[in-house]
Amino acid sequence: MWKRSISACWRSRRLFVISGNTGAGKTSIFDAICFALYGFASGEDRAEPRMLRSHFAEEDIHTSVEFSFAVGKRTYRILRQMAHRKGSNKSETGGKIELYETTSGQDVPCVDRFMVSDVNSRVEAIIGLTKEQFSQIVMLPQGEFRKLLTSDTENKEEILRRIFRTDLYYKLEERFQQKNREGKDALKDALLLQDVYLKQVQETIPAREDSLLSTTLSQEHFSAAQVLEGLAVELIHYGQLSADASADKAALAQRLEQEEQALREAAALSGRFAELADKRSRQAELEAQKPAVAELERRLALAERAARLEPYEEQAARSARDAEAKRAQHETKLRGVEAAGRAVAQAEERYRAEEARETERREAERELERLAELAPAVQTLEARRLEVKRLLADEQGAASRLEALEAKLAEARQAKQRGAERIKAIEAETAALPEKLMLRDRLRGKYKLLKELAAIEQQLAEVQRFAAERERLALEASREHDRLEALWIGGQASLLAAHLHDGKPCPVCGSEAHPSKAAADGDVPSREALQQAKDALRRVQDELSTAKAQAAAARAGWDGSADGIAEYGIVPEDLHGQLAAAEREGKQAAADIAKLTEQGNALRQLKEDMEQLDGSLDRLLSEKEQLLRRLQQLAVDRSAKQSLLEQEFERIPEALRQPNVLEQRLKEQQALVQRLNAAWKGAQEQRQRLQTRWAEEKASAAELGKQLAESAAAAQEAGERFRLELEKAGFSSSEDYGTSKLAEPERIRLRERIDAFNTSYAALAQQLLALEAELSGKEPPGLDELQARMDRLKQELEQAASRLQAAESLRKEAYRLQTAIASAQQQVRELEGRLEQVMDIYQMLKGDNASKISFERYILIEFLEQILQAANARLRELSNGQFMLQRSDRLESRGKQSGLGLDVYDAYTGQNRDVKSLSGGEKFNASLCLALGMTDVIQAHQGGVSIEMMFIDEGFGSLDEDSLNKAIVTLIDLQRAGRMIGVISHVQELKQAFPAALEVDKTKEGYSRTRIVLK
């Protein structure tokens, strides 16, 4: 590693060697180039970029690489600076990246923002190679040079996938694998749903003897199509039953409607007779109320006459009240005039007394002016004294706060050191969290699969036990059925024989001779008993078929989990023990994760606390600086103002230095002046106000006297007018008038009551005449017989509706099941078709063939063939025509994917052999030619990508003299073709053959020095 910066330029020397002792840092130069372009070192064993920083670098020196390069005719400059942590800082700082085009001689930024992601994308676009491609064909790292040559198919596939970016086909294969798995699951669910619907047909549709559906369901095996045909026949049957029941219901409903109409008419006639009797009773009640109504009419007439006199009465009363009020107002006003005269006399005496105190008022005002002139000076003196006192207190307080702030700073520094140590310890503990999370996810998958397998195992055992029991019952039922059938057939023969007579032909064979007639052998079973045996046998056989189907489904579920069983290493024995073990391991992993997650949360909180602590330290330091400046300013201000205060004490007499004494004297004098002035002003205002009020009271008393005379005359006139109106209305006295008066609401109530009675009486008489005419010659009908006949019809209608509902329910259920089974059958066909297509494509993509070659590998084989063709052109030259690389068709061991293996053809022996059998030097030559061939293919494949340089790290030491010379010639030919070639090597011949050398010397101080040697 280098402690300080180095610089190197190979623009004029396109063939050079980097040499030096082991560990001097030769490969670090290649690491620096790769780090500048892609942010990573050149080899996989140095994948962590922070390893590139020297341990001896000072904190203020940043690890950075500035690299200038050319692509075609355009030149560029990139600067990448690694961020690092300084001292005890919690985060890394100093990271920087810049990319410029320098073709015009000026630095022109290549991106809008110097962000790492933007610059990385732009570098990849300029060079045309990813980091993986660059490491395989441009910069061949130490220890990884031969990886492409000797690796197996899977490793080559990963390398070539990154280089030629064929991961799209790999992702396509994974996608079709997922589709295949989903298709199988969907088909399994659809078949299960179809079986559920078929089971529902057996459970919900009643079996009809000799029907197509019953015949189909009695078979051991039947298809959904057969069931659909049977359901179609059932639909026709239950549709006919529904139509018949509907016709019966309609006929009964019509008869019921006729009976209900007759009952309604009879009920209406009976109601009219009842109404006639009720109205006659009501008429008698109204006749008894006529005298009381006549008295109400007389009382209402008197109240109406009295109501017409109410305005005259109100006018007379109002006039009397006005006259009395005017009399009271006039007397009150006269008393007010007398009181106002006395008040005017008193005010005149007060006015003359205050007028005599004019000299006293003037003396008080002059004293007030003198005290007011002294107030500003005394007030300023006290404020200055308080200001000096406040500044002194502030100065002492600032000194105390400064001392406390120093203590807080020391405490915060100690807390920061403790927090940093705690963070380091927790980070070391939580490093195992990702591995624990992966373990937990794997255990969850294993536990779920074990649980499913245990359920399948239990289900399979139960189904097998049930199937065995059904098989036993089926055998017994079959034997019983065969026995009853044989007895029944024999019985039928004996019955036929009983009717045979000699000389009469047999209805079966036609013979007239009957030498040996069949005789009954024991009890002959009935046809119903034989049918019951058949039904029992069919039910047991159906249950046996169902149990076998469930067992097959359970075994299919077990077989479908074969991939997961192999992945998790599950053995069929003791599933419950494995389930318990997986649960224990899962709980332990969850507990570890919870503990590590809790520590991670604590770590985040601790880091946040450290950030807050850093902020607090910054604030405390800033506060300390401000406090020091404040303390200095307070001392200067206090000294200046204290000097001015002492000068004021010398100028102002001691008796006037107290502001409160002066303020009290000012208040007393102000109060005296205000009292004197207020008394003089009040005497003037009171004299004027009372004189004006006395004049107003006298004028008001005169006006009220006139109004009193007018009110008395009007009251006398209104009383006389009311007396004359009483006489005209026929009232002998005011008492008679008062007795006849009624309030208007009472009069309205009486009038409405009388009108309602008269209206009710007339209407009732009219209704009685109409009812008597309507019911003349008619008799009340009998309702009980009509009601009983209608109840019987209702019962018959309910029975017809029940039959219709049952038939319609079965028809709807048959239609629902027919639709559901047809839909499920169509879904199964569609899913099978789609699954077949997906499986064909998936098997093609994943390489499910004899050669074990996937679609992606088939494309990579074409790239590899092109690389081998370009590589062999150089290898034949380097090996004197002995070797030629060939792609191997042999299958990898243990069923691994094949197709990308390499063999070497040895022309000296005429045999093919594995490339791993080559010697070290031969492997180097083959690897070099393979890398050069890949360069040619990538340039052609990428379209416009120009690879004009190559860096090779080690490998030449394994070559003999002749092979080394040929390798040097090959590299020189590449250099002459326009490529820049850089080699890291200890071989002396390379140093002598190459025109330039960069020598790296290792020092005892822990860093290296470089020097360039030109020939």
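This is a predicted model: local features need pLDDT of at least 70, side-chain atom pairs count only at pLDDT 80 or more; totals for chains, interfaces and linings use all residues.
Good morning. I shall begin with helix α18, which covers residues 744-774. This helix has 31 residues, and the distance from its first C-alpha to its last is 45 Å. That is close to the 45 Å expected at 1.5 Å a residue.

Which residues of α18 are buried? They are Arg747, Leu750, Ile754, Phe757, Leu764, Leu768 and Leu771. As a general point, an α-helix has 3.6 residues a turn, so residues three or four places apart point the same way.

Helix α8 spans residues 224-288, and its axis comes within 10 Å of the axis of α18. The two axes cross at roughly 145°, and the crossing of α8 and α18 is left-handed. On the α8 side, the contact is made by Arg272, Glu275, Leu276, Lys279, Arg280, Arg282, Gln283, Leu286 and Glu287. On the α18 side, the contributors include Phe757, Leu764, Leu768 and Leu771, together with Ser760, Tyr761 and Gln767. Phe757, Leu764, Leu768 and Leu771 also belong to the buried set of α18. Counted by class, this contact between α8 and α18 has 8 nonpolar, 3 polar and 8 charged residues.

I now turn to helix α6, residues 167-204, and two of its partners. With helix α19, residues 784-846, the axes come within 8 Å and cross at roughly 160°. Why are α6 and α19 described as roughly antiparallel? Angles over 145 degrees count as roughly antiparallel, and α6 and α19 therefore fall in that category. The crossing of α6 and α19 is left-handed. Their contact comprises 22 nonpolar, 8 polar and 7 charged residues.

The other partner of α6 is helix α20, residues 855-878. Here the packing angle is about 165°, with the axes 8 Å apart, and α6 and α20 are therefore roughly antiparallel to each other. In which hand does α6 pass α20? This crossing is right-handed, whereas that of α6 with α19 is left-handed. In the contact, Asp167, Tyr169 and Tyr170 of α6 meet Phe855, Glu856 and Ile859 of α20. By class, there are 4 nonpolar and 2 charged residues, and no polar ones.

Thank you for your attention.

Methods:
Residues are numbered from 1 along each chain as its sequence is written. Side-chain values use heavy atoms; hydrogens and water are left out. Axes are lines fitted to C-alpha atoms, for helices over the stretch in contact, and angles run from 0 to 180 degrees between N-to-C directions. Helices (H or I, at least four residues) and strands (E, at least two) are DSSP runs, numbered from the N terminus. A crossing is left-handed if the near helix is turned anticlockwise from the far one by less than a right angle, and right-handed if clockwise. Contact means heavy atoms within 4.5 Å. Ala, Val, Leu, Ile, Met, Phe, Trp, Tyr, Cys and Pro count as nonpolar, Asp, Glu, Lys and Arg as charged, and the others, Gly among them, as polar. Angles under 35 degrees count as roughly parallel, over 145 as roughly antiparallel, 65 to 115 as roughly perpendicular and the rest as oblique. The expected span of a helix is 1.5 Å times one less than its number of residues. Buried means under 20% relative accessible area, exposed over 50%, partly exposed in between (1.4 Å probe, protein chains only).
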